[in-house]
Amino acid sequence: MLITKQSRCFIAIAALLGATAVMFGAYASHGLSTWASTAQVSQVQVAAQYQLFHAITLIVISLLSSMFTSRLLTISLYCFTLGTVCFSGSLYYLVFLGSTLLVLVTPLGGLLLILAWLFVAIAMLFTQRK
């Protein structure tokens, strides 16, 4: 299997998302409670879990996109990336900066993640292998 330049790029993005998810998760478990409420700690933990899970998913879909020719898989890669940044990023923003400015970005991120999963499902049902 030849891994495309696009796949390598998304794998690198996934690795950065994974690394930062571990950092946020560790901070939520070991230091955040010294100044944040229990609800805020929980929000950061949820954001980190979603971020890590979707970073792993991004790697898998990147590899799949090297095996299948599908515009839907490519769109799903962008949706996973943007959805993860919007969902988790807006929760981090809320907790660490105390601003509700991006409160509507969280559900947008969730919607992008749902769409990404649906695009993968459709692509796998209707796409031929390279």
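Visitor: Leaving aside its neighbours within four places in sequence, which residues is Thr57 in contact with?

Guide: Contact means heavy atoms within 4.5 Å. By that rule, and with neighbours within four places in sequence left aside, Thr57 is in contact with Phe80 and Trp117. A word on the source: this is a predicted model, in which local features need pLDDT of at least 70 and side-chain atom pairs count only at pLDDT 80 or more, while totals for chains, interfaces and linings use all residues. Residues are numbered from 1 along each chain as its sequence is written, and side-chain values use heavy atoms, with hydrogens and water left out.

Visitor: Is Thr57 buried or exposed?

Guide: Buried means under 20% relative accessible area, exposed over 50%, and partly exposed in between, with a 1.4 Å probe and protein chains only. Thr57 has a relative accessible area of 8%, so Thr57 is buried. Gly89, by contrast, has 28% and is therefore partly exposed. Across the protein chain, buried residues make up 39% of the 130 residues.

Visitor: How is the packing of two helices described?

Guide: One gives the angle between their axes and the distance between the axes. Axes are lines fitted to C-alpha atoms, for helices over the stretch in contact, and angles run from 0 to 180 degrees between N-to-C directions. Here the axes of α2 (residues 38–67) and α4 (residues 105–126) come within 12 Å and cross at roughly 25 degrees. Angles under 35 degrees count as roughly parallel, over 145 as roughly antiparallel, 65 to 115 as roughly perpendicular and the rest as oblique; α2 is therefore roughly parallel to α4.

Visitor: Which residues make the contact of α2 with α4?

Guide: From α2 come Tyr50, Phe53, His54, Thr57, Ile61 and Leu64, and from α4 come Leu113, Trp117, Val120 and Met124.

Technical notes
Helices (H or I, at least four residues) and strands (E, at least two) are DSSP runs, numbered from the N terminus.
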